[in-house]
Structures are given as C-alpha cells and as structure tokens.
Amino acid sequence: MKWRLVGPFRGGRALAVAGVPSQPSTYYFGAVSGGVWKTTDGGNTWDPISDKQTISSIGAIAVSDSDPT
C-alpha cells in the first residue's frame, strides 16, 4: 500500500462517518468546527455541503436508505 490523503486537507477530527450502501464510493463525514463533507469517488476529492449552515460542529450523521442524497 502507498500512503494517500483520504480526506479534505484540514485540521481537526472527524466525529461522524456514514456511507451509502447502494453507492459504494459515496461517504459523508462530520467534523469538529468543519461541517459536513461528501465524497462520491471513494475519498479522492471531498466537497463541503454545509457551508451555508450556521452550525458547524457535527456530532452524528445518518443516511436515509430511501433517499441517500
């Protein structure tokens, strides 16, 4: 194995992680003072999806089976 970055380049901790069973390359994670991030390529790139929210610290994440978006 070769070392690679598997999350966005940022400090802090990831507190919550959830994957989408029907989409094996899609994951979400919540960070301390970092909001919610999403990847659709197995962690090669990450996009912030909670930038417009007033709460940034995330303690838990769940993905709905009926609507994983």
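**View 1. Val-17 stands opposite Phe-29 of β2.** Strand β1 (residues 14–20) and strand β2 (residues 23–31) run antiparallel and are joined by 6 bridges; strands are DSSP runs (E, at least two residues) numbered from the N terminus, and two strands pair if DSSP finds at least two bridges between them. The two strands form a hairpin, with 2 residues between β1 and β2. The model is predicted, so that local features need pLDDT of at least 70 and side-chain atom pairs count only at pLDDT 80 or more, while totals for chains, interfaces and linings use all residues. Residues are numbered from 1 along each chain as its sequence is written, and side-chain values use heavy atoms, with hydrogens and water left out.

**View 2. Strands β2 and β3 (residues 35–39) pair in the antiparallel sense.** Their pairing extends over 5 bridges. Ala-31 has Gly-35 in β3 as its bridge partner. The hairpin of β2 and β3 has 3 residues between the strands, and Ser-33 takes a positive phi near 55° there.

**View 3. Ala-60 lies in the segment after β4 (47–48).** Ala-60 is exposed, with a relative accessible area of 63%; exposed means over 50%, buried under 20%, and partly exposed in between (1.4 Å probe, protein chains only). The C-alpha atoms of Ala-60 and Leu-15 are separated by 7.0 Å, although these residues are 45 apart along the chain.

**View 4. The elements of the protein run β-β-β-β from the N terminus on.** The protein has 4 strands and 0 helices, a helix being a DSSP run of H or I with at least four residues. Of the 69 residues, 28% are buried.
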